[in-house]
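Please read them with the coordinates open.

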Amino acid sequence: MALTPMMQQYQEIKKEYGEAILFFRLGDFYEMFFEDALTASKELDLTLTGRAGGDDRVPMCGVPCVAADTYIARLVTRGYRVAICEQLDPPSGRGLVRRAVVRLVTPGTVLEEPSLAPSRNNFLAALLPAAGGFGLAFADVSTGELGIGELPAGGAVTLEDELARLRPAEVLLPEGAQGDAAAAVAAELGALVTRVPADTFDYAAARKALFTPGETPPEMPLGLRAGGALRRYLQNTLKTDWCQWRITVRGREGVLLLDRASRRNLEITSSLRTGDKEGSLLEVLDHTVTAMGGRLLRAWLEEPSTVPAVIEDRLDAVAELAAASLYRDLAAALKPVRDLERLVTRAALGQATPRDLVGLRVSLAALPGIRELLMPCVSSLVKKLVGEIDPLPDLAARLAALADDAPAAAHAGGIFRSGYHPEIDRLRAAAREGRSWLTGLEARERERTGIRSLKVAYNRVFGYYLEVTRANLALVPEDYERRQTLAGAERFVTPQLKEYEEMILGAEESLGRLEQELFAALRSEVAAAGGPLTRSGRAVGALDALASLAAAAVRYNYCRPSLNREGRLHIVAGRHPVVERVLPPGQFVPNDTVLDRGSRFMLLTGPNMAGKSTYLRQVALITLMAQAGSFVPAASADLPVVDRIFTRIGARDDLASGRSTFMVEMDECRAIVQGATRDSLLILDEVGRGTSTYDGISIARALAEYIWERIGALTLFSTHYHELTDLDGPVNHTMAVREQGDGVVFLHRVVPGRADRSYGIFVAALAGLPPAIISRAREILAQMERAAPGAPPPPRRPPGEEKVLARLRATDPPNLTPLAALNRLYELKELLEGKSGPD
Ligand code: ADP
């Protein structure tokens, strides 16, 4: 179909950004056309209209520019890309305005506040699949962090593990079929997969983009190439060459490794049930008051350390802040500090608003107080962080120019406070004077002319005018000049009105230009201070995270763990940090744990629901917390520094990938025996549940033997197969229970010894299974325990016999007449033969 010139322009731009929804600037709106209009109207609840685009009307919908951020946020969180196309010339009313895409907003490159969760990073990752493994780069554009690493095939960390940690919003992969498997993993974890030209993964270009000629790049060609592609993509989407990256090279040293399954099972940052932070370890420990502190605390828990000095430094700091409630005063002092890391990025990209910079001013004003508060501290980490805080007094003084109620939009007026700039004050006074003259004009002219209905109004074409209805035209004075005739009225101007109009509009225009200019300069000054600002922001974040750990330690009565190099794990009165918060106060039963040179393997038997899983997880969580630098829920804890924590917990179907519970379980076991070392902590809960009993026992036993004999890792192994307790080596523990009549009470106490029975039938009764099933199960169990393995269960009684027995039990012979007794005998006989009788 034939298109108007503007629609042709639209089509051309759209061709280049086919995968994105094109926000096409038309005056004060961004309009969407064709398919985009259909998609956006649905996703954003916008009214679908049409526009004459040539021969036909084309579907169209739009959003006002001032509200664009929230609409973009909604599209981007749903996994769309949005291309923002602006007008490059001021509209002249004649000819076609030039237009171009100034930014491509994607889930991994978004900077707008509504799209970002304050206390978590928003990562964009780039992956380069190769024969030896993957090159991986990841960046949080909003904070300026960029990491480069490599994942060797068959290494300790799989691609899936790493992506599960980073949770990138978007993953870049080279075009082509290569990396289809990686794309599937990324998509399963909720990332948008974007294919980029393979030649952007070029080594030389990457080296140049990421390092100055003098710098030595790391020996990570694959990682570097991924980093180069990532930089290139950011240039293409942000449309700027901005680079203030803090590049970190990520090796595998110094961090406690957790695979994807363990991360999920231990519910470190999100609970299994809801997938939210609620019910996770992070929720219990997070008392941070700044966005930077929230992000850092999360990162510490996601990646605890294995370097004793790092851990001890954090523990020293937490100890110092916990004493004398220093953490409370610190939290109050930190509270006004805004997200400096993200603010600096927005300033550097010219996106920071006046209100952002007022926030920066408030933040800077808070910094001296924080330093002063912490001056007396002696722990080396606190001292170091205090030293990194720079209140930038000069910049703070410059920011004093901003009005306290500066607007949230950069183009709005009223950015600077009065008294700051004489010209601004003069223009504001002129505009104000003109306006007050105008306000009085209507009354004055009514008085002068006697026209009661005279009105002063404004429109874009004529500016200010006086409107007189037709009936009053005779009263119009000499100096009125006619400008427009309407059906019922005429519009006039006077020379004086024009003069004032010029004064008002001129003053406002100059004012707007001046404020914009001064604001842009101020924003550049902020960007120029990006280094110290970011450093201060990160120091504030670290202090916030430490104060948060101190708050948790005091509030929940944690103790400082001590670390040893002898592989000793002694916990006295340990608790599960999350479960103890859910139970009523005092209800959680603390338990000890002793794993040692001689007894590195604990076999824990006991009934279901007795607290085995809770106990196992609690040991893993205490270890993880300690290595993150946190105090731990125990009376005392002497802990080794472990290199990895593995968990195999509970039954979980991985239906999405088409694997059965049992297959998932065996796969997790494989990962454990492949990856675990003597320094690892292994948590195995109920291995071998998803198959037949003999299968299950055999697998569980063989696995336990292998771990015990060949790996020698610190292991907690729970099972309800009490047959395993005769294994030679492991220390046997069991969950204490008190039998009470037909039932059993769980004491939630771990005691030395072995369970000689599973109490599964008790639990089944507890759950309310019908008595007929329970008594039959008891009978089968008794017989199986007597018989040789594999013997058939005892024959089932026919239903008739059950009924006879029930009837007999209900019969009371002394109270039967001879006749009744005879009748009962007939009745029983008939019941036995199944002829009749009550059910
Ligand atoms: P198991 O793994 O033996 O089946 P769980 O560890 O799942 O048992 O525990 C079952 C329930 O018992 C938990 O939901 C919790 O409410 C309670 N529980 C577990 N451990 C304790 C404890 N130490 N103190 C108090 N209650 C506990």
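1. Basis. This is a predicted model, in which local features need pLDDT of at least 70 and side-chain atom pairs count only at pLDDT 80 or more, whereas totals for chains, interfaces and linings use all residues. Residues are numbered from 1 along each chain as its sequence is written, and side-chain values use heavy atoms, with hydrogens and water left out.

2. Ligand shell. The ligand has 13 residues around it, and those that come nearest are Val589, Met609, Lys612, Ser613 and Thr614; a residue is counted as near if one of its heavy atoms lies within 4 Å. By type, the shell holds six nonpolar residues, six polar and one charged. In this scheme Ala, Val, Leu, Ile, Met, Phe, Trp, Tyr, Cys and Pro are nonpolar, Asp, Glu, Lys and Arg are charged, and the others, Gly among them, are polar. Helix α21 (residues 612-628) supplies three residues, the largest share of the shell. Helices (H or I, at least four residues) and strands (E, at least two) are DSSP runs numbered from the N terminus.

3. The cut-off for a polar contact is a pair of N or O atoms within 3.5 Å. A backbone N or O atom of Met609 is 2.6 Å from a ligand oxygen atom, and a polar backbone atom of Val589 is 2.8 Å from a ligand nitrogen atom. The side chain of His748 places a polar atom 3.4 Å from a nitrogen atom of the ligand. On its own the ligand has 560 Å² of accessible area, of which the protein covers 78%; areas come from the Shrake-Rupley method with a 1.4 Å probe.

4. His748. This residue belongs to strand β27 (residues 743-752). Its phi is positive, about 60 degrees, although His748 is not a glycine. Most residues other than glycine have a negative phi. His748 counts as partly exposed, at 36% relative accessibility; buried means under 20% relative accessible area, exposed over 50%, and partly exposed in between (1.4 Å probe, protein chains only).

5. Ala324. Ala324 sits in the loop between α11 (308-322) and α12 (326-334), and it is exposed, with 77% relative accessibility.

6. Helix α19. Asn557, which follows α19, has a positive phi near 60 degrees.

7. Cysteines. How many disulfides does the whole structure hold? The search finds zero, a disulfide being a pair of cysteine sulfur atoms within 2.5 Å. For Cys65 the closest cysteine sulfur is that of Cys85, at 11 Å, too far for a bond. Cys65 is buried at 18% relative accessible area, and Cys85 is buried at 0%.

8. Ser142. The loop between β8 (133-140) and β9 (145-152) contains Ser142. Ser142 is buried, with a relative accessible area of 2%. Its C-alpha atom is 9.6 Å from that of Gly108, 34 residues away along the chain.

How values were computed. A polar contact is a pair of N or O atoms within 3.5 Å; within protein, one must be able to donate a hydrogen and the other to accept it, and residues adjacent in sequence count only if both atoms are side-chain atoms.
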